[in-house]
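Welcome, and take a moment to turn the model around before reading on. The report below walks through it piece by piece.

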Amino acid sequence: MERTIMHVDMNAFFASVEQQSNPALRGKPIAVIGSSSRTVILTASYEARAFGVKTGFTTWEAKQKCPELVLVPANNRLYTHVSSLIMKIMHDYTPLVEVFSIDEAFMDITGSLNLFGGVERISYLIKSRIKARFGISCSIGIAPNKLLAKLASEMKKPDGLTIIHPQDIARTLEHLPIKELCGIGRKMERQLLMMSIHTCGELGRCDEARLTGKFGIVGSRLKQMGQGIDNSPVVPAEEAEEVKSVGHSMTLKRDIRERADILRFLLQLSEMVGRRARRYGVWGRTIHLTVRYADFTTFGKQESLREYINLSDDIYNAAVKILDSLELTQSVRLLGIRLTNLQHQTSQLPLFPEDQTRLKLTEAMDQVNNRFGDFVVMYGSLLDQEGKGSHVISPAWRPEGIRNVGVQ
Amino acid sequence: MQPRSTDIRVAVVFGPGMRIQPMWFDVNRKQHTIRKITNSWMDKKGETVFMHFHVTDEGALYELVYNMADASWKLEQIEVL
């Protein structure tokens with residue numbers, strides 16, 4: 001049976017949410033920027049895009065393109081809240097909703113078509129409800145698989161509805177540049193161009209052995225992509241694979257060198273990782289520390305422990321041990337801690353009294369913070385720390401479950 | 001959205017090129033002025049062509065459906081905003 005997959009993509013999501021929440025910004029060129037002073041443009045409204053302002057521009061570059069540009073600091077909590085509500089609307093039409101990122105989702109509506117009166121009706125219902133409730137337009141792509149549905153939604157922006165029917169797949173792909181396919185990045189594109197493969201049609205006709213010779217097992221997948229074949233299912237959150245790691249990283253407001261400063265950030269990150277791990281009942285045995293220097297050189301080191309841990313101070317001690325094994329040659333721009341090698345298990349009562357006290361203390365802190373907000377009760381050395389908590393929405397953010405990271 | 005399927009009266013401006021613009025409608029003797037048409041599209045059941053309009057007033061989103069064969073209107077769905 002032919003599947004019907006829908007890809008819903010919110011247009012200029014962050015900027016649209018800002019324009020809706022502040023009527024004074026409507027119709028104006030605006031750009032959403034991160035909260036830190038070293039940020040870049042996260043997204044720009046369509047009015048700003050008309051001036052050539054693009055995601056990733058520095059604020060200086062953006063102002064050069066559009067002097068009247070209004071810079072709006074990101075309100076991540078608002079975006080995650082609105083995203084969660086929008087995803088709930090999608091669940092009214094099918095339980096098979098796969099949240100792809102904060103502003104994108106796939107839906108498998110194969111079984112819902114008769115119930116709601118066809119693809120167009122479901123599409124317009126979703127578009128109208130999102131528009132009427134949140135003032136945000138979205139582009140919808142509909143096709144027999146996720147690859148083509150995503151491609152279709154990119155074809156008409158903003159506020160588009162594009163359907164790729166099975167009989168139109170070959171014609172649609174024949175002259176389409178390979179970079180338009182989701183999963184073909186710049187590096188892959190360069191390699192394919194060097195093989196004289198410019199279009200999806202050429203990719204689909206390419207000898208599979210030639211592709212696998214160059215790319216390994218990915219080669220077969222690439223050929224299928226060129227032919228518009230994608231058998232991957234729409235995986236709702238409850239069926240998604242268990243997470244393999246719990247991590248947080250933060251770009252610091254200024255580059256730091258002092259050990260005491262680095263330790264303070266490590267403690268904060270350990271608390272964020274530990275809190276999330278404890279909330280979802282996971283323990284990890286491997287700690288990974290990521291460091292990025294001021295010149296953007298990034299490296300990491302990991303260490304596996306004998307026991308599974310999820311208490312913040314255990315994570316912190318392991319991270320400090322890794323830090324002490326490194327020789328930092330430059331000031332630090334970004335720090336990250338990841339807990340991997342995870343195990344989902346019920347908690348075991350510690351044997352020794354001091355460990356029992358530590359566990360009880362952590363549980364008490366968690367209970368207070370769950371009720372009143374992150375970092376309401378915290379380690380004394382974090383008291384003066386500015387900007388505690390997560391300030392960016394990770395691409396892995398999801399409205400529910402362990403990937404639901406609370407943002408500031 | 002709540003399904004309704006109720007016959008309604010609609011005031012419409014018919015413009016050039018088959019342009020149909022509903023202006024207000026009344027349900028249960030209450031008149032609703034249309035603030036915005038968020039989407040419109042056509043579909044067919046057999047020979048009959050239906051025009052669907054998603055419209056908003058001050059408090060809700062409605063789906064109005066125009067039956068082009070007998071020039072009748074139905075309110076199909078409501079969602080309170």
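Predicted model: local features only at pLDDT ≥ 70, side-chain atom pairs only at ≥ 80, totals over all residues.

Is A:N341 buried, partly exposed or exposed? With a relative accessibility of 35%, A:N341 counts as partly exposed; buried means under 20% relative accessible area, exposed over 50%, and partly exposed in between, using a 1.4 Å probe and protein chains only. A:N341 sits in strand β12 of chain A, residues 332-344. Its phi is near 60°, a positive value in a residue other than glycine.

Residues are numbered from 1 along each chain as its sequence is written, chains are lettered from A and ligands numbered from 1 in the order in which they are written, and side-chain values use heavy atoms, with hydrogens and water left out.

## The two chains

Let us look at the chains in turn. Chain A has 15 helices and 12 strands, where helices (H or I, at least four residues) and strands (E, at least two) are DSSP runs numbered from the N terminus. Chain B has 0 helices and 7 strands, and from the N terminus on its elements read β-β-β-β-β-β-β.

Here are some values for each chain. Accessible areas come from the Shrake-Rupley method with a 1.4 Å probe, and for residues only the protein chains shown count as cover.

| Chain | Residues | Buried residues | Accessible surface |
|---|---|---|---|
| Chain A | 408 residues | 49% | about 20300 Å² |
| Chain B | 81 residues | 44% | about 4800 Å² |

Carbon and sulfur atoms hold 52% of the accessible surface of chain A and 50% of that of chain B.

How do the chains fill space? The C-alpha atoms of chain A fill a box of roughly 70 × 55 × 50 Å along the principal axes, and the C-alpha trace of chain B spans about 35 × 25 × 25 Å along its own. The radius of gyration is taken over C-alpha atoms, and the globule rule is 2.2 Å times the number of residues to the power 0.38. For the 408 residues of chain A, a compact globule would have a radius near 22 Å, and the 24 Å of chain A agrees with that. For the 81 residues of chain B the rule gives a value near 12 Å, and chain B has 12 Å, which agrees.

Contacts (heavy atoms within 4.5 Å) can also be sorted by separation along the chain. In chain A, residues 24 or more positions apart account for 63% of the contacts with a separation of 6 or more. In chain B, 29% of the contacts between residues at least 6 apart join residues at least 24 apart.

## Where the chains meet

The contact between the chains takes 17 residues from chain B and 10 residues from chain A. Together the two chains bury about 1200 Å², 53% of it on carbon and sulfur atoms; buried area is the accessible area (1.4 Å probe) that two parts lose on being put together, summed over both. B:N39, B:W41 and B:E79 supply 38% of the area that chain B buries against chain A, more than any other three residues.

## Inside chain A

Why is helix α1 of chain A, residues 13-21, described as largely enclosed? Because 7 of its 9 residues are buried, the rest of the structure largely encloses it. Those buried residues include A:F13, A:F14 and A:V17. Their cover includes β1 (5-10), β2 (30-33) and α4 (76-91) of chain A.

A:M107 lies in strand β6, residues 104-108, of chain A, and is buried with a relative accessible area of 0%. The C-alpha atoms of A:M107 and A:I5 are 5.7 Å apart, although 102 residues separate them along the chain. Beyond its neighbours within four places in sequence, A:M107 is in contact with residues including A:I5, A:M90, A:I126 and A:V234.

A:V234 counts as buried at 5% relative accessibility.

## A loop to visit

The loop between α7 (146-155) and β8 (161-163) of chain A holds A:P158. The peptide bond from A:K157 to A:P158 is cis, with omega near -5°. A:D159 has its place in this loop too, with a positive phi of about 60° although it is not a glycine. At 34% relative accessibility, A:D159 counts as partly exposed.
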